[in-house]
Amino acid sequence: MEDKKLYCTECGYKFVPRSKHKRCPYCGKEGSLIKAPTSQDIIDEVAFEDSERLVKENFK
Ligand SMILES: [Zn+2]
C-alpha cells in the first residue's frame, strides 16, 4: 500500500516519502510537512463537522 503521502503546508507539494523527512524537499521549509489527507480522512472530517453542527443546533 503506497498511500502514505506527505504534504507541504508551505508550498502544497505532495510526495511519497522514501525516508524520514524533516523539511520539504521542494521548498526546503522545515516543519511544514503533514500527512496528506486520504479521501477517507476527508469523509471522516466532514462527518465530524456535521455531527458537531448538529450538537450546536440542538443546544440553541
Ligand atoms: Zn514545500
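## Contacts and burial

Residues 24 or more positions apart supply 25% of the chain's contacts with a separation of 6 or more. A contact here means two C-beta atoms, placed from the backbone, within 7 Å. Buried residues make up 5% of the 60 residues. A residue is buried if 20 or more other C-beta atoms lie within 10 Å of its own, exposed if 12 or fewer, and partly exposed in between.

This is a predicted model: local features need pLDDT of at least 70, side-chain atom pairs count only at pLDDT 80 or more, and totals for chains, interfaces and linings use all residues. Numbering starts from 1 along each chain as its sequence is written.

## Fold and dimensions

The C-alpha trace spans about 50 × 25 × 15 Å along its principal axes.

Helices (H or I, at least four residues) and strands (E, at least two) are DSSP runs, numbered from the N terminus.

## The sheet

The three strands form an open antiparallel sheet, ordered β2-β1-β3. Its edge strands are β2 (14–15) and β3 (33–35), each pairing on one side only. Two strands pair if DSSP finds at least two bridges between them.

Strand β1 (residues 6–8) pairs with β2 over two bridges, in the antiparallel sense. Tyr7 has Lys14 in β2 as its bridge partner.
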